[in-house]
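Here is a short briefing on a protein model. Look at the structure first, then work through the points by topic.

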Amino acid sequence: MSDIRSRFESEVLPCLDAAYSLARWLVRDEHVAEDVVQDAYLRAFRYFGSFRGGDARPWLLGIVRNVCYSWFVQQKRTREFECDMEDADAPSLDGQDRVQTPETLLLQKVERAQVTAAITNLPLAFREVLVLREIEELSYEDIARVLDIPKGTVMSRLSRARRLLQEYLSDYR
Amino acid sequence: MDTDPMAELPAELKQNMTRYKAPPGLKRRIRYMLAQPPRTGWFSAARASWSRWMPVGASFACGALLAVSLMTYRAGMTADEGPIESQVVASHVRSLMDKHLMDVASTDQHTVKPWFSGKLDYAPPVIDLAQDGFPLVGGRLDYVDDRPVAALVYRRRGHIINVFVLPEHDARRPDSGVTADHGYQVARWTRGGMRFWAVSDVSRDEMQKFAAGMQAAQ
């Protein structure tokens, strides 16, 4: 096995679950997620000769995300995808953040299936930031790089995503 | 009462967020894919096998066959450049067929050029010839001569011109010219330690004009 390939296998292949998980959350289809991951690994291998080391996971997840977005565009779901993106950073309508009370956040028995459904239904921009932070536990800096947005935007989007998720779940009573 | 916008989610909620595991066959398929020799046809064949969601599945097979047939054709120049010419033509055709034309889409050379840093160990010169009627539209990583190279994408009316930039340390190849290969115009030249290959279906005159413009600007 060549030196580059063995280095790639030891550094990038262990990130396979992370890659598949992100792809699956974004494209919401287990078969498409597999295709996405294969394409992402192909591209990652092409770029790897110049990868200067460090944590391969955020680097690979950035590639996975780009491949997911290529898929969205190719599926001609541009309209759906644009709607998802457009309101992600808009200021809230009532001019201030809603106050969260224990009553509105009544999460009784939070079941995995309910959580999965709620995340799946989040608009794309919120879903991706939430998954990268809460499931992949990337730093704000790494998320900013993966999504190609400023760190401040990561934080405000994440805050809204968390709130939205809890609102969805508070409807399951 | 929780008014802190950055407050963490409740632990019981986080615990029920799923981190999916890759299905068992996926790792095996990826390792198999990585084990293939990196020849030009590899990308076409590898992608065709799982490209269920690519809209032009049939064209893949055609692209792969064309790539293979072009690989075996030797152009009438220095014997050791024949395979490179075949490869760049095959890469050009494939970039159009599988719609993977660009990794970075921008008409701004100041966006395209830095995109390659960290992905290649050389910095391709990126020139915009919009004033001559050949605007830059973007770039991508491609594979030629078994190594990753920069491909710069230009447009001439409805036609695409791919320019492959190879770091060239061999001083014996200063020759330049335009040849025809399977209906495509192929221009080649050397400048500043780099070897350039431009491929397009524009006319011979237009390719000569393009190559002259690029060389004058470099």
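About 5100 Å² of area is buried between chain A and chain B in this predicted model. Carbon and sulfur atoms give 59% of that area. The size of an interface is often given as the accessible area lost when the parts come together.

**The interface**
- Chain A brings 57 residues to the contact, and chain B brings 48 residues.
- On the side of chain A, the residues that lose the most area to chain B are A:Gln38, A:Leu42 and A:Arg46.
- Together these three make up 15% of what that side buries.

**A helix pair in chain A**
- Two packed helices are described by the angle between their axes and the distance between the axes.
- Helix 1 (residues 3-11) of chain A packs against helix 3 (residues 30-47) of chain A at an angle of about 130 degrees, and their axes lie 11 Å apart.
- Because of that angle, helix 1 of chain A is oblique to helix 3 of chain A.
- The crossing of these two helices of chain A is right-handed.
- Helix 1 of chain A makes the contact through A:Ile4, A:Arg5 and A:Phe8, while helix 3 of chain A uses A:Tyr41, A:Ala44 and A:Phe45.
- Five of these contact residues are nonpolar, none is polar and one is charged.

**A hairpin in chain B**
- Strand 5 (residues 177-181) and strand 6 (residues 184-191) of chain B pair in the antiparallel sense, over five bridges.
- B:Ala180 has B:Gln185 in strand 6 of chain B as its bridge partner.
- Two residues sit between the strands of this hairpin, and B:His182 takes a positive phi near 55 degrees.

Conventions: Residues are numbered from 1 along each chain as its sequence is written. Chains are lettered from A and ligands numbered from 1 in the order in which they are written. This is a predicted model: local features need pLDDT of at least 70, side-chain atom pairs count only at pLDDT 80 or more; totals for chains, interfaces and linings use all residues. Side-chain values use heavy atoms; hydrogens and water are left out. Two strands pair if DSSP finds at least two bridges between them. Helices (H or I, at least four residues) and strands (E, at least two) are DSSP runs, numbered from the N terminus. Axes are lines fitted to C-alpha atoms, for helices over the stretch in contact, and angles run from 0 to 180 degrees between N-to-C directions. Angles under 35 degrees count as roughly parallel, over 145 as roughly antiparallel, 65 to 115 as roughly perpendicular and the rest as oblique. A crossing is left-handed if the near helix is turned anticlockwise from the far one by less than a right angle, and right-handed if clockwise. Contact means heavy atoms within 4.5 Å. Ala, Val, Leu, Ile, Met, Phe, Trp, Tyr, Cys and Pro count as nonpolar, Asp, Glu, Lys and Arg as charged, and the others, Gly among them, as polar. Buried area is the accessible area (1.4 Å probe) that two parts lose on being put together, summed over both.
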